[in-house]
Amino acid sequence: MARRERLTVVAIQLGLAAVVVAIWVYQTRVGRVSPILLPRPERVLQEFPELLRDPVFWNSLRVTALELVGAFALAAISGLLVGVVVGRWAPAARVATPLLAWAQTVPIILFYPICILLFGIGPMSKVAFGGFYGFFPIAANTVLALSTVPARYLSAAAALGASRRQTVTRVLIPAARPLILSGVRLGAALCLIGVLAGELLGSTDGLGYRIASSSGSFRTPELYAYITVALVLVAIFNLAITRADDRNAQA
């Protein structure tokens, strides 16, 4: 049944993608949209062989991928650490939950100039900003997940003589895993957004820089090709997170 449900979800997703592509093809064929704004799909596809042969593309992809990994590691470690420490203490959780929720409504991009001042326009500013961007949903979901674990689980662990570390690793985190993983996935997506935004606003390399360069010189097919690569990158990253969590759950 689970396999059938997954296949149904995938089929629906592919169907929605096909509808989007069909609308794209129709709009470009009838000439309702300028090719400067929306090129034909085949023009975008023609860009990929050229990108794959271009060493500049591979270097930009490597730069963005490394920045994304660094930003995600920073966001995940700090977010989970803060979430576990705060979520285990009810008064702290009640104070931190609204603050973390409010922080997610703040336009984080306002803090990017501070990252530039601290780390310059190199990769470290993108790692710091991406990690800062992804920190809040991870921390907020971890606090919420741990603070809503049923009290009977903790009572049962105490009755069985579990230590504080065992209670956290064997009871709290497994019970809170789904909500924590949801925050980690959202944090990963925001890390990529932060990294790309940093590269768009101030960088000399990376996919974001290439997107800005393509847009500024009206190379629209190349622009859409780079955007597609960025979307594929975050999809692969999310898939890797899910697979790692599945393996950890089965261990």
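**Core packing and helix contacts in a predicted all-helix model**

Leu207 touches Phe57, Ser60, Leu61, Thr64, Leu196, Glu199, Tyr226, Val229, Ala230 and Leu233, leaving aside residues up to four places away in sequence. Contact here means heavy atoms within 4.5 Å. The model is predicted: local features need pLDDT of at least 70, side-chain atom pairs count only at pLDDT 80 or more, and totals for chains, interfaces and linings use all residues. Residues are numbered from 1 along each chain as its sequence is written, and side-chain values use heavy atoms, with hydrogens and water left out.

The protein chain holds 10 helices and 0 strands. Its pattern along the sequence is α-α-α-α-α-α-α-α-α-α. These elements are DSSP runs numbered from the N terminus (helices: H or I, at least four residues; strands: E, at least two). The C-alpha trace spans about 70 × 50 × 30 Å along its principal axes. Of the 251 residues, 38% count as buried. Buried means under 20% relative accessible area, exposed over 50%, and partly exposed in between (1.4 Å probe, protein chains only). Among contacts with a separation of 6 or more, 73% join residues 24 or more positions apart.

The largest nonpolar core has 38 residues. Such a core is a set of buried Ala, Val, Leu, Ile, Met, Phe, Trp, Tyr and Cys residues joined through side-chain atoms within 4.5 Å. Phe57, Phe72, Leu207 and Ile241 touch the most other members. At least two residues each come from helix H2 (41-53), helix H3 (55-87), helix H6 (123-147), helix H8 (164-201), helix H9 (207-216) and helix H10 (220-250). H8 gives the most, with 11 residues. A second, separate core comprises 17 residues, including Ala92, Tyr112, Ala128 and Ala197.

Rings of Phe, Tyr and Trp (its six-membered ring) pair if their centres lie within 6.5 Å; planes under 30 degrees apart count as stacked, over 60 as edge-to-face and the rest as tilted. The ring centres of Tyr112 and Phe129 are 5.1 Å apart and the planes lie at 65°, so this pair is edge-to-face. Tyr112 belongs to helix H5 (residues 112-119) and Phe129 to helix H6, so the pair ties together parts 17 residues apart in sequence. Both Tyr112 and Phe129 are buried. Phe111, Phe132, Phe135 and Phe136 form one aromatic cluster.

Two packed helices are described by the angle between their axes and the distance between the axes. The axes of helix H4 (residues 90-103) and H6 come within 9 Å and cross at roughly 150°. Axes are lines fitted to C-alpha atoms, for helices over the stretch in contact, with angles from 0 to 180 degrees between N-to-C directions. H4 and H6 are therefore roughly antiparallel. The angle classes are roughly parallel (under 35 degrees), roughly antiparallel (over 145), roughly perpendicular (65 to 115) and oblique (the rest). The crossing of H4 and H6 is left-handed, meaning that the near helix is turned anticlockwise from the far one by less than a right angle. H4 contributes Ala93, Thr97, Leu100 and Ala103 to the contact, and H6 contributes Phe135, Phe136, Ala139, Ala140, Val143 and Ser147.

Ile77 lies in helix H3. With 61% relative accessibility, Ile77 counts as exposed. Glu42 is in helix H2 and is partly exposed, at 28% relative accessible area.
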